[in-house]
6 protein chains.
Amino acid sequence: MFYHDRELQYKVRVDKPNPLFARMLQQAIGGIEGEIRVCLQYLFQAWGSRGPEKYRNMLLETGTEEMAHIEMLATAVALNLEGAPTSMQDEFAKDKVVEAVLGGMDVRHILSSGMAALASDGNGVPFNGSWIVGSGNIVADMYTNVAAESTGRTLATRLWHMTDDPGMKDFLSFLIARDTMHQNQWLAVIEENGGLNATPVPNSFPQSEEVQGFNYAFVSTYIGNDITTGGRWTQGPSVDGKGEFHVEKAAPLGGIPKLSPPVPGAFAQKEQMTTVDSVIGTVQSKIEGTLNSHHDSNS
Amino acid sequence: MFYHDRELQYKVRVDKPNPLFARMLQQAIGGIEGEIRVCLQYLFQAWGSRGPEKYRNMLLETGTEEMAHIEMLATAVALNLEGAPTSMQDEFAKDKVVEAVLGGMDVRHILSSGMAALASDGNGVPFNGSWIVGSGNIVADMYTNVAAESTGRTLATRLWHMTDDPGMKDFLSFLIARDTMHQNQWLAVIEENGGLNATPVPNSFPQSEEVQGFNYAFVSTYIGNDITTGGRWTQGPSVDGKGEFHVEKAAPLGGIPKLSPPVPGAFAQKEQMTTVDSVIGTVQSKIEGTLNSHHDSNS
Amino acid sequence: MFYHDRELQYKVRVDKPNPLFARMLQQAIGGIEGEIRVCLQYLFQAWGSRGPEKYRNMLLETGTEEMAHIEMLATAVALNLEGAPTSMQDEFAKDKVVEAVLGGMDVRHILSSGMAALASDGNGVPFNGSWIVGSGNIVADMYTNVAAESTGRTLATRLWHMTDDPGMKDFLSFLIARDTMHQNQWLAVIEENGGLNATPVPNSFPQSEEVQGFNYAFVSTYIGNDITTGGRWTQGPSVDGKGEFHVEKAAPLGGIPKLSPPVPGAFAQKEQMTTVDSVIGTVQSKIEGTLNSHHDSNS
Amino acid sequence: MFYHDRELQYKVRVDKPNPLFARMLQQAIGGIEGEIRVCLQYLFQAWGSRGPEKYRNMLLETGTEEMAHIEMLATAVALNLEGAPTSMQDEFAKDKVVEAVLGGMDVRHILSSGMAALASDGNGVPFNGSWIVGSGNIVADMYTNVAAESTGRTLATRLWHMTDDPGMKDFLSFLIARDTMHQNQWLAVIEENGGLNATPVPNSFPQSEEVQGFNYAFVSTYIGNDITTGGRWTQGPSVDGKGEFHVEKAAPLGGIPKLSPPVPGAFAQKEQMTTVDSVIGTVQSKIEGTLNSHHDSNS
Amino acid sequence: MFYHDRELQYKVRVDKPNPLFARMLQQAIGGIEGEIRVCLQYLFQAWGSRGPEKYRNMLLETGTEEMAHIEMLATAVALNLEGAPTSMQDEFAKDKVVEAVLGGMDVRHILSSGMAALASDGNGVPFNGSWIVGSGNIVADMYTNVAAESTGRTLATRLWHMTDDPGMKDFLSFLIARDTMHQNQWLAVIEENGGLNATPVPNSFPQSEEVQGFNYAFVSTYIGNDITTGGRWTQGPSVDGKGEFHVEKAAPLGGIPKLSPPVPGAFAQKEQMTTVDSVIGTVQSKIEGTLNSHHDSNS
Amino acid sequence: MFYHDRELQYKVRVDKPNPLFARMLQQAIGGIEGEIRVCLQYLFQAWGSRGPEKYRNMLLETGTEEMAHIEMLATAVALNLEGAPTSMQDEFAKDKVVEAVLGGMDVRHILSSGMAALASDGNGVPFNGSWIVGSGNIVADMYTNVAAESTGRTLATRLWHMTDDPGMKDFLSFLIARDTMHQNQWLAVIEENGGLNATPVPNSFPQSEEVQGFNYAFVSTYIGNDITTGGRWTQGPSVDGKGEFHVEKAAPLGGIPKLSPPVPGAFAQKEQMTTVDSVIGTVQSKIEGTLNSHHDSNS
């Protein structure tokens, strides 16, 4: 279960409120690389954790920390919205800047929340629960977490670069530092579970059941002949140490698929249901083509 | 640009059609760990690729291969739907099995597609473009790809385990093999770009700008004192080789946030707008409470 | 900021695991009347709270409690999934019950999460951030919260009625009790802010600006003459004590709207752009009608 | 069934078309607090109405009125879009204002609808059917309706404040008046069904089945000791008149949850599946770590 | 504006309630080919109608009729849910049929709506406002409407075939009849606007601005040489009467795209930013690889 | 299966990069009338194709071509983003244009993708798989395709009109030409299957089963008496040649629907469950009203 403090994890100061920056911060709250996602992702992974107990404990800790990050970002949004325009009325009409500011804002910051953060991204698209990934496989989940923290830290550095507000820059430097730790943390779990050796994930599936010959082949769908060489993935031992990379030109092994004609209950067109359609269809279309061209030439 | 063959990449045979398994295969088509996602993800990463050209080329190749995987899965769905019931009418009513089968199906396989695959997941939830991640940072993208292939391969092994249809098992063994390669492939790109050394992602942000002291600290939000030890992430050199792990008890550094009272244009309740509200608010609500009970008793 | 305990707020015991009930519990996690919604709703309201500080404090407390409710429900889902089938293979094929169970499950409980809770509803539809309402108006928000707890408690009683598992019934009785409190709690805030007198929300908008005559009129769009009487909303003082209810037959006051013809840059059909279309259009369609009927009678 | 008039319910006049205001009006059409939502919500509640017939009748009437509100707002959007730019071509390039206007618009007003309203919100996010709440419990539904009209009227006042267009202000004053009535109307139904006494909703569940002691307790998750007092919800009789408010410090009653290890069919990592994992896991990961570093140094 | 009657447009009788059929009917309410979609689509097209007034009038009429169709379907859902199970408790446990029925239902029909229709499809996915298409081009809109009525009528026939309930069959026969009319109705508008001659839509764009040579060419991306012949689209006059069909083998005309390297503010990996990356990148990764293996073997 | 070339189908040149235009191009990538939709729609139709094989072949060819269109548009977005601002820092602050540009952009082009295309529309709303329609009925699908290409070509002409960049205009002229062909192509398939005679779709349903008298009746829900005449759909032979258009004033044939009272397990309010509610309900609410006012005045 959970407790809270009224204070923030780190100081959130806004020196020059900027409603456009408020909108941009929303990406770090409700975007796919944002904090609601990692918060719930780590917690759901904890709640469904099966296996060594220490991972449940750790996921709870970091999931709980992320809740504090949402809180700080929501506070940063609210502070950036202070002083934002609420009207395009006469007195402002001369100053076209007001409309430009309004146009660049998340209009729901005015209309829906009354100058507070929303559970949506930088374009106003709501947070989506489908982003919460917890597969039940610890290494698959850790790679998912590293990915989330990598795109998340990239986002935070872009926000840091975007602003010159000293308070915001300081706050973002804290988030960036935490993302550094979290990337390392999830990689540490992968290391504990075998590192690169843990792949292919899941390692509980017997690789002997794979269709051999394709599990370490780079399949090239490129139609040309000037295959680029030099990629690590085209030769040498595979990264998981269990195979040898090689290149295969893409080629079909599966034949042309044949589906049965439609069943009556599916109510296709009658023309689809006939069995001798390769004959009749051709005849029919030719006749119709003739009739049509007559018609078209008359219309 | 793109070309196609009429044949499939690998053979797709269904020995015993099963409409419930058709629904389950949908997860591998339109789910977050499915093939539409990786297909478009690799292609969008290719199309936005900036930096060494070989990555664009490789992403195009594997994105194009994934298109063939969607095709095979869609074919597998259509074949599993052959013979599925389209009616709960009298002749079937005696056989309760028909209703159980209908109840377990994706009903849109009958109602919307006429026995064909849909662009949705195993519960009928449509594919969502927000899952296509391409950050512009090659290592962040590769971790995202490893994550997608790890959860994707886990899904494929579960489907393999679910069925005893020999054709489906063979087909899934092919997909599982390809996922093995793709995991290795993305890890190979990470290796080329520094391996674990590539973190923290992005490596182009100067770590000196991070708030020091927090970038390698495991922050424990656990309220108890019996901290679990032994995790790789609590001590020793960090996985990226750039810091030293240590543990910090969570503690607030940020004070209590203070937001300004609502501006008039936001139309909060009048009670929220008073400045000395801790005093007046209490008085006011008491007075109003009294008035209300008078009012209510008169109404 | 936030802390956690490793223990649950209340005991969660499952005596007879049931994967269909696991699916039903998902509605209470990721549905619109579920716990992720109220958790984030109360926290976002707290983080954006402007006005008396005590409301921010209280919202933080209850939002934090709801996090513990999600945790308990996620645990209940995981426990109900223990023993669920993962295969429709030969040994089970004789037993049609296995397929019925699989068909009734959230298939993503097997395929995507490996027997753990998801951030989605009872039909597998993901949680949606648009449900998080925080308007910046304390009374509007409290009514939204009462509504969420009313539909939420109704859901919990239906789940309680659905199962005869003693552990689940006990756990749900706890949630139902908490919903009783939370309904009362939000109503208490409304009472503090004027009770029924607080309406119309927002009370900071001058009612003199409303179009008078319509703010306490029940507009009847019913085409018949046998208007039902006896409703509290058709006569007597209004519930907010600020007007008198009366009935008005719906009637148009606004005339027929006239939009300009399409601008060239919008690329409508040429036929839409002509200004004398009432003449030409009629002529044209008559001519075409004649031609068509000739054609149709020939085809 | 339904009929229509070609005239509007109230006059919709736009004196100074403004495409940014057109975008803002979209929130009142397709947003969660908008008119499509209340229209369909009241109608679905009517169509599923069980119990006293007068509520079905009333819900039909107001649901039908809301359809006229969508119509007026859609007309207002179309009128505000007249004269909007459709090009950033040469003649306009000198005037940066054109690009600012285009940037502030809902670009789909030009690109997708050709200067007409869309079924989406102020940020272009589509209307979502999940917002239509009809629980089958009349009081839960009425609170949901009061909430919708409270946030809806707040939105309408913000739009009224935003513009100084006399036509738009007059039109919005009509909507605001109707929202006043609708708030009162739903409250009148609650009054008819017991007022505050109707809670806890649903009142058909026997409160004796609740876990006693928690149904009127304010659970404080605050980690500090300086609990704020003075809130109506911490002492005194509960608002529903059925209990006595009191405060409880949050404390865990539920123990640490224990989930079984992963089943084979779920394909977790092998490291998760061992039963004596606290011992073996540590040993194993140490051995593997050693092996990995050997392997890595050789690869 | 709008009015209503309390009676239904056509009789809705359910002889044998069936909760699985209730779920299937949802597809006709809230699915992409369902009635909410066509209702709102025709009304939004009416409200944004520019050009001949008669189309606005007609669209209003049919949009209003569709509202009555939603009403009838919602009634049919509620009637099919009467008698549905609300419990899996002891007395039913012996009868496995109850669980099969519950598993096949939309569980939200019990849990969320209390045996009433929802604004979602046959899999419980909510109605989505993005489906409302109104382009401002009358012929584009009419084709969209024909498409909606064609898939809608196909759905209705499948539902008709699915059930043997006489009441439901009769009701669906009414809907099917109306869809016949509506298909004809939208085709009649196309006929009035030029029939096949109205294409290419929009006809207000000068075809001389198209890249000539490609506007009537069937581009074959097929990699093989055995091009199927006989399709109407490969030769002869085009259907719009403005060109001549011919076949072109797909071939690239656009060269290889070149994007600039990442800008510093985008925080790509350092390895992506180098300009002579084909040389340096290879060297660098080799050096780093060596360093990494040193580092890894020491950690 | 699929192959690719590294070159584009047609040249994509951007002379004056414009990040606002980049956002607008997103509508053509990830919008409902965009290229991801048609690409996947044609491919899913191909993969589920039952009936004459030539349609599967053709759908594969055009679906594959559309993949190349997404590629070109994604390239166009990336090129339009070159030179876009990544900062609102001091040096730019003097120039308000920078903020206007940032405000008009899709902020995720900077924050999430690092200056590359996303799988979302012009407002940042993600692509949605529900838009992929493949009904299994060839004519329904062809009308859906004509509709998609009609709105798609309208969008392309609007984008062409929006820009004066010569490279972009040339590129869009190519897309417009292709849309001309694709409209004709789908119409050619309809022609092959009977042209207007193919309606009502599906033609495999016996029209004798329709409720006669309504299948060619224009139902007028207009409450007035001045019915507009002259529409092709009110008289004369129907467009499908199978009936005669006529007008019917809307009138209810279905009576007032009666639903049973709520079952206990649905937990409605007690007041809804009484059978003689018209009498008792009124009495009860009066008594409770009296009691409430007593209670409220004492609280």
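These are my notebook entries on a predicted model with several chains.

**Ground rules**

I number residues from 1 along each chain as its sequence is written, letter chains from A and number ligands from 1 in the order in which they are written. Because the model is predicted, local features need pLDDT of at least 70 and side-chain atom pairs count only at pLDDT 80 or more, while totals for chains, interfaces and linings use all residues.

**Entry 1: chain A overall**

I looked up the elements of chain A first. Chain A has 10 helices and 3 strands. Helices (H or I, at least four residues) and strands (E, at least two) are DSSP runs, numbered from the N terminus. The order from the N terminus is β-α-α-α-α-α-α-α-α-β-β-α-α.

Next I checked burial. Chain A has 299 residues, and 68% of them count as buried. Buried means that 20 or more other C-beta atoms lie within 10 Å of the residue's own; exposed means 12 or fewer, and partly exposed is in between, with C-beta atoms placed from the backbone.

Then I checked contacts. Two residues are in contact if their C-beta atoms, placed from the backbone, lie within 7 Å. Among contacts in chain A with a separation of 6 or more, 71% join residues 24 or more positions apart.

**Entry 2: Glu66(A)**

Which residue does the UniProt annotation "binding site" cover? I found Glu66(A), and the entry is unreviewed. UniProt positions are given in the numbering used here, feature names are shortened, and annotations may be inferred rather than shown by experiment.

Glu66(A) sits in helix α3 (residues 53-80) of chain A. Is Glu66(A) buried or exposed? Glu66(A) is buried, because 24 other C-beta atoms lie within 10 Å. Leaving out residues up to four places away in sequence, Glu66(A) touches Glu35(A), Val38(A), Cys39(A) and Tyr42(A).

**Entry 3: α2(A) against α3(A)**

I followed those contacts to helix α2 (residues 35-47) of chain A. The axes of α2(A) and α3(A) come within 8 Å and cross at roughly 160°. Axes are lines fitted to C-alpha atoms, for helices over the stretch in contact, and angles run from 0 to 180 degrees between N-to-C directions. That angle makes α2(A) roughly antiparallel to α3(A). Angles over 145 degrees count as roughly antiparallel, under 35 as roughly parallel, 65 to 115 as roughly perpendicular and the rest as oblique.

I listed the residues that meet. On α2(A) they include Ile36(A) and Leu43(A). On α3(A) they include Leu59(A), Glu66(A) and Ile70(A). The contact divides into 11 nonpolar, 4 polar and 3 charged residues. Ala, Val, Leu, Ile, Met, Phe, Trp, Tyr, Cys and Pro count as nonpolar, Asp, Glu, Lys and Arg as charged, and the others, Gly among them, as polar.

**Entry 4: chain D with chain C**

I moved on to an interface. In it, 96 residues of chain D are in contact with 96 residues of chain C. On chain D, α8(D) gives the largest share, 15 residues. By class, that side of chain D has 46 nonpolar, 33 polar and 17 charged residues.

I looked for a cis peptide bond in chain D. One joins Val201(D) and Pro202(D), with omega about -5°. Pro202(D) is in the loop between α8 and β2 of chain D.

Phe267(D) is not a glycine, although its phi is positive, about 50°. Phe267(D) lies in the loop between β3 (246-249) and α9 (270-273) of chain D. Phe267(D) is buried, with 28 other C-beta atoms within 10 Å.
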